[in-house]
Amino acid sequence: MQKSTAQLSFSDLLIHQRKLKSKFFAQLDTIIDWNQIETEISRYYKKGKGVDGRPSYSGLLLFKMSLLQTWYGLSDYEVELQVNDSLSFMQFTGLSLEDSVPDHSVLSRFRSIMTKAGAYERLFETINKQLEANQILVKKGLIVDASITSTDRKPKGKKEYEIVEDRNEDTNSQNVNASCKEKVKPGVDTEAAWIKKAGKLHYGYKKHISVDDTHGLVLSVITTAANESDMNHIVDVVAKSGCAKGTRVKADKGYQSEQNKDELTKRGFKAHIMKKARRNKGLTEREKVYNRLISQSR
């Protein structure tokens, strides 16, 4: 019995997607010197032993999982599941079917260590230099965006407070000021923060990213708590990209402000930021067309 066209199309799509991922990962392994990346990671992340006495996961494995998060918009928990389920993801990270996959809490702790050390920026710079040396990365245009990475090490249950007493400067005074301080529960990632996006609450981090507009390769990244405004980091992330003056910088209306436009222009970049409607004044037809052109490119 012959299969229906719909069934064939669905199967073909799944096979095509798997081939695309495998081909992409194989190309990266050919181009990128992962030994150099691993050496760089070891400057910030010291591999020791886990609580069970076994050797901890390598920094390169955890960094590759972080890359998968960035490329596919996955949370700590989701990337753990994907590496468990996807053969292409598993092979890219260097794991076999017999190996255990790092859980989301390990990845969260790794990110905290790397973020505090400012390591991600240096690692992306190293990767981009390798891509430029292979004439794969040509910096002509730049797209800036932000993505949320959730962590499961979030506060759970009701908030608890402790009373903190602060005695007046006069040591002889008996007056005592008391204030409440929220207790930090064990296991909570205190570097992360809450944010509401599309009506859903997330606890984690925000990655402010710049990518080249030809291949979508990450040029620079700045990691902050999730509640940090996109508006504050467009200039920083563009400056870290290493792009030359005259580069077009495309971004959505969340980055629109005269200050951002002026600062980018002052640094020699061409600010192509989507227009934002103002109070009691909607967008003109020309501005709507301008926004659509930037949106299609992004």
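The side chains of Arg111 and Asp76 meet in a salt bridge at 2.8 Å, N to O (a salt bridge being a side-chain nitrogen of Lys or Arg within 4 Å of a carboxyl oxygen of Asp or Glu). Arg111 lies in helix 6 (residues 104-116) and Asp76 in helix 4 (residues 76-85), so the pair ties together parts that are 35 residues apart in sequence. Helices (H or I, at least four residues) and strands (E, at least two) are DSSP runs, numbered from the N terminus. Both Arg111 and Asp76 are buried, where buried denotes under 20% relative accessible area, exposed over 50%, and partly exposed in between (1.4 Å probe, protein chains only).

The model is predicted; local features need pLDDT of at least 70, side-chain atom pairs count only at pLDDT 80 or more, and totals for chains, interfaces and linings use all residues. Residues are numbered from 1 along each chain as its sequence is written, and side-chain values use heavy atoms, with hydrogens and water left out.

A search of the whole structure returned eight salt bridges. Glu191 and Lys116 form a salt bridge through their side chains (3.7 Å, N to O). This pair links distant parts of the chain, with Glu191 in the loop between strand 3 (176-182) and strand 4 (193-197) and Lys116 in helix 6, 75 residues apart. Glu191 is partly exposed, at 37% relative accessibility, and Lys116 is exposed, at 63%. A salt bridge also joins the side chains of Glu40 and Arg43 (3.1 Å, N to O); Glu40 is buried, with a relative accessible area of 14%, whereas Arg43 is exposed, with 54%. Glu263, Lys266 and Arg267 are linked in a network of salt bridges.

Helix 7 (residues 119-133) has 15 residues, which at 1.5 Å a residue should span 21 Å, in agreement with the 21 Å between its end C-alpha atoms; the expected span is 1.5 Å times one less than the number of residues. Buried residues of helix 7 include Tyr120, Leu123 and Phe124.

One cavity of 30 Å³ or more is present. A cavity is a set of points on a 1 Å grid over the protein atoms alone where a 1.4 Å probe fits but cannot get out, and lining residues have an atom within 4 Å of a point. The largest cavity holds about 50 Å³ of space and is lined by Phe63, Ser66, Leu67, Thr70, Tyr120, Phe124, Lys207 and Val221. Helix 3 (59-72) and helix 7 are the elements that give two or more residues to this lining, and helix 3 contributes the largest share, four residues.

Key:
1 Å grid on protein atoms, 1.4 Å probe; cavity = no way out; pocket = protein on both sides within 12 Å on 5 of 7 lines; lining within 4 Å. Points joined across faces, edges and corners; volume = space filled by probe spheres on them.
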